[in-house]
Amino acid sequence: MNKNIDTIVFDLGAVLIDWNPDYLFKKIISDESERRWFLSNICTPDWNEEQDAGRSLKTATEVLIERFPQHRENIKAYYDRWEEMLNGPIEGTVDLFRLLKEKNQFKFYALTNWSAETFPIALRKYDFLHWFDGRLVSGEEKTRKPFVEFYRTLITRFSITPENSVFIDDNFRNIGPAAELGMKTIHFTSPENLDLSLKELQLI
């Protein structure tokens, strides 16, 4: 067992929670190419990240409706029906989280890009979000990954020693700043690969 590691930091979306706009928009836009176009050109990942960084859902919706009034109903659906984008926990990762927590060896923190207005929905739905010793939500902090100040806030607020911590994220872009600050990192691709990485680090 690796006694040097005392802290594990999880990303949430696509690591512990299966969130994808497709789950909603498959119900709304049946044609795949039309749906891909809408999510690539109107309700884009870049637009969504502005809400992750603190912009209000109301403002975000109004900005797009002003630019694309012909898509008003679909734009409104993005946040009016946001909960339908949640497909539940990624059970394999939750099982690993539970296994690690049962060891009583680690502190656990969440570092997530998430709107402050939608995060309470996830807190209500998923008990494992209450297993963490602390959570840092980008929408509440008004900054997000991969900006290094977000990681520094995590480290200072929760008195984390970077060299004694592991950071897990599915977005390779978000791995770099954690590594630069001295954290060990795992690029999440599946629960199975996470299991292998944790075993290589002698954490399970």
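Start by selecting L198, which sits in helix 11, residues 191-200. What you have open is a predicted model. Is L198 buried or exposed? Its relative accessibility is 0%, so L198 counts as buried. Now show its surroundings: leaving out residues up to four places away in sequence, L198 touches L96, L100, I186, L203 and I204. L198 and A53 are 145 residues apart in sequence, and their C-alpha atoms are 30 Å apart in space.

**Helix 6 and T93**

Next, select helix 6, residues 91-102, and find T93 within it. T93 is buried too, with a relative accessible area of 0%. Which residues is T93 in contact with, beyond its neighbours within four places in sequence? Look for F10, V15, L16, F188, P191 and L194. Then zoom out to see what helix 6 lies across: strand 1 (7-10) and strand 4. Helix 6 runs at about 160° to strand 1.

In what order do the five strands of the open sheet come? The order is 5-4-1-6-7, and the pairing is parallel. At the edges are strand 5 (134-137) and strand 7, each of which pairs on one side only. On average, neighbouring strands of this sheet are turned by 20° against each other, direction ignored. If you are wondering what holds such an arrangement together, strands of a sheet pair through backbone hydrogen bonds, either parallel or antiparallel.

Zoom in on strand 6 and strand 7, which pair in the parallel sense over four bridges. To see one bridge pair, select D169 together with H187, its partner in strand 7.

**Helix 10, a helix with two sides**

Select helix 10, residues 172-180, and highlight N174, I175, P177 and A178, which are buried. Why are these residues on the same side of helix 10? They cover an arc of only 170° around the axis, which puts them there together. A general rule is handy here: an α-helix has 3.6 residues a turn, so residues three or four places apart point the same way.

Before leaving, visit both ends. N171 caps the N-terminal end of helix 10, with a side-chain oxygen 3.0 Å from the backbone nitrogen of R173. Just after helix 10, G182 takes a positive phi of about 105°.

Most residues other than glycine have a negative phi, and most peptide bonds are trans.

- Select N104, in the loop between helix 6 and strand 4 (107-112). N104 is not a glycine, yet its phi is positive, at about 55°. With 71% relative accessibility, N104 counts as exposed.
- Move to K142, in the loop between helix 8 and helix 9. K142 is not a glycine either, and its phi is positive at about 65°. K142 is exposed, with a relative accessible area of 56%.
- Finish with P146, in the loop between helix 8 (138-141) and helix 9. The peptide bond leading from K145 to P146 is cis, with omega near 10°.

Technical notes
Residues numbered from 1 in each chain as written. Predicted model: local features only at pLDDT ≥ 70, side-chain atom pairs only at ≥ 80, totals over all residues. Heavy atoms only, no water. Buried < 20%, exposed > 50% of the residue type's maximum accessible area, 1.4 Å probe, protein only. Arc of directions from axis to C-beta. Polar contact = N/O pair within 3.5 Å; in protein donor to acceptor, adjacent residues only side chain to side chain. Contact = heavy atoms within 4.5 Å. Pairing = 2+ DSSP bridges. Axes fitted to C-alpha atoms, helices over the stretch in contact; angles between N-to-C directions.
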